[in-house]
Amino acid sequence: MSLPALMRFVDMQHFGAPDVMTISSGPLPVTGEGQILVRTQAIGVNRPDVAQRQGTYPPPKDASPVLGLEISGEVVAIGPGVSGYAVGDKVCGLTNGGAYAEYCVIPSGQALPFPKGYDAIKAAALPENYFTVWANMFQMAGLTEGEKVLVHGGTSGIGTTAIQLARVFGAEVYATAGSQEKCDACVRLGAKRAINYKTEDFAEVIKAETGQGVDMILDMIGAAYFEKNLASLAKDGCLAIIAFLGGAVAEKVNLSPIMVKRLTVTGSTLRPRTPEEKRAIRDDLLSQVWPLLDEGKLAPVIHKTFAFEDVIEAHRLMETSSHIGKIMLRL
């Protein structure tokens with residue numbers, strides 16, 4: 001397949017507000033061992049992209065400095081050591097960086113086929129959220145059928161994914177959100193009860209609703225919710241922390257519930273995981289989750305799609321936190 005010498009990508013000369021991003025031109029990335037080169041058709045916009053743009057989430061040393069962690073598109077080149085993919089295949093995937101570009105390399109162990117009936121936008125809305133939720137809720141915290149789970153930020157990309165996955169695997173789901181509209185959206189996705197954190201105390205609601213507390217909490221707030229999270233967990237419960245939107249340092253917190261209730265506190269970030277770890281997540285998704293997407297039992301929630309050239313507006317929307325579901329870029 002004939003490829004151009006240059007591609008467009010989102011560039012930044014320094015960290016800062018959304019308008020530090022510009023569209024520039026540069027050479028295509030080189031396909032290395034175990035990688036596939038994809039002509040990008042759609043890109044998911046995520047909180048880590050905003051944090052990297054602001055200078056608080058640096059990419060790994062061996063990753064592209066270009067923003068972006070998930071894409072969909074068409075395979076246009078195959079690197080050495082890759083099997084199971086062919087030029088022309090439609091794939092979506094978790095990148096290690098470089099997604100905000102017309103061409104992007106993906107490790108083959110982080111790529112997945114389009115689910116049945118999916119277009120590029122829907123497919124690109126899957127990887128970052130599904131990898132993150134599956135790794136934290138199911139692989140690490142071990143959520144199982146019949147357990148109760150609280151999902152904070154229920155209308156974020158992560159939240160809408162977590163509610164659906166927990167529900168379809170038989171858990172009883174509670175969620176927090178910041179408006180009645182968002183709470184209603186959580187219930188439509190499968191939450192038994194949505195809690196407006198601006199008008200309700202989620203710890204009190206969880207106690208009233210469950211009696212003993214929930215078995216697991218998926219938390220992206222961090223310090224601001226830490227003590228109430230401990231109070232909201234049942235015996236042998238697990239708190240899975242995936243971000244620190246409410247701060248990373250918790251002061252004067254009573255830790256005794258961790259011992260008294262035999263709680264587990266876990267935390268992880270997806271980007272620094274090894275290729276082998278990411279491949280293991282991909283394999284689980286392919287065998288256990290992709291069939292459910294094929295059958296329509298799960299689906300990404302798309303809030304708004306922007307043209308690639310309107311990436312600044314996409315980031316501005318992300319920073320308002322007014323969206324329900326995913327913000328996407330289309331090429």
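A residue counts as buried when its relative accessible area is under 20%, and as exposed when that figure is over 50%. Keep in mind that what you're looking at is a predicted model.

**Exercise 1. Find out whether Tyr174 is buried or exposed, and what sits around it.**

Step 1: Locate the residue. Tyr174 belongs to strand 9.

Step 2: Check the accessibility. Tyr174 has a relative accessible area of 0%, so it is buried.

Step 3: List the neighbours. Skipping residues within four places in sequence, Tyr174 is in contact with Val149, Leu150, Val151, Lys192, Arg193, Ile206, Glu209, Thr210 and Val214. Take Arg193 from that list: its C-alpha lies 5.1 Å from the C-alpha of Tyr174, though 19 residues separate the two in sequence.

Step 4: Look for a side-chain partner. The Tyr174 side chain makes a polar contact of 2.5 Å with the side chain of Glu172.

**Exercise 2. Work out which polar partners the side chain of Thr176 has.**

Step 1: With a relative accessibility of 1%, it counts as buried.

Step 2: Go through the surroundings. Beyond four places in sequence, Thr176 touches Leu150, Val151, His152, Gly153, Gly154, Ile195, Tyr197 and Phe202.

Step 3: Pick out the polar pairs. One is side chain to side chain, with His152 at 3.0 Å. In the other, the Thr176 side chain reaches the backbone nitrogen of Gly153 at 3.3 Å.

**Exercise 3. Explain why the buried residues of helix 5 lie on the same side of it.**

Step 1: Collect the buried residues. In helix 5, which spans 180-189, these are Lys182, Cys183, Ala185, Cys186 and Leu189.

Step 2: Turn to the opposite face. Pointing away from the buried side are the exposed residues Gln180, Glu181 and Arg188.

Step 3: Ask what does the covering. Helix 4, strand 9 and strand 10 are among the elements that cover the buried residues of helix 5.

Step 4: See what comes next in the chain. Just after helix 5, Gly190 has a positive phi of about 130 degrees.

**Exercise 4. Describe the largest cavity: what is its volume, and which residues line it?**

Step 1: Count and size. The structure has one cavity of 30 Å³ or more, and the largest cavity holds about 30 Å³ of space.

Step 2: Name the lining. It is made up of Ala125, Asn129, Tyr130, Gly157, Thr160, Thr161, Pro300, Val301 and Lys326.

Step 3: Trace the lining to its elements. Helix 3 and helix 4 each give at least two residues, and helix 4 has the largest share with three.

Step 4: Sort by class. The lining of the largest cavity has four nonpolar, four polar and one charged residues.

Note on methods: Residues are numbered from 1 along each chain as its sequence is written. This is a predicted model: local features need pLDDT of at least 70, side-chain atom pairs count only at pLDDT 80 or more; totals for chains, interfaces and linings use all residues. Side-chain values use heavy atoms; hydrogens and water are left out. Buried means under 20% relative accessible area, exposed over 50%, partly exposed in between (1.4 Å probe, protein chains only). A polar contact is a pair of N or O atoms within 3.5 Å; within protein, one must be able to donate a hydrogen and the other to accept it, and residues adjacent in sequence count only if both atoms are side-chain atoms. Contact means heavy atoms within 4.5 Å. Helices (H or I, at least four residues) and strands (E, at least two) are DSSP runs, numbered from the N terminus. On a 1 Å grid over the protein atoms alone, a cavity is a set of points where a 1.4 Å probe fits but cannot get out, and a pocket is an open set with protein on both sides within 12 Å along at least five of seven lines; lining residues have an atom within 4 Å of a point. Grid points are joined across faces, edges and corners, and a volume is the space filled by probe spheres set on the points. Ala, Val, Leu, Ile, Met, Phe, Trp, Tyr, Cys and Pro count as nonpolar, Asp, Glu, Lys and Arg as charged, and the others, Gly among them, as polar.
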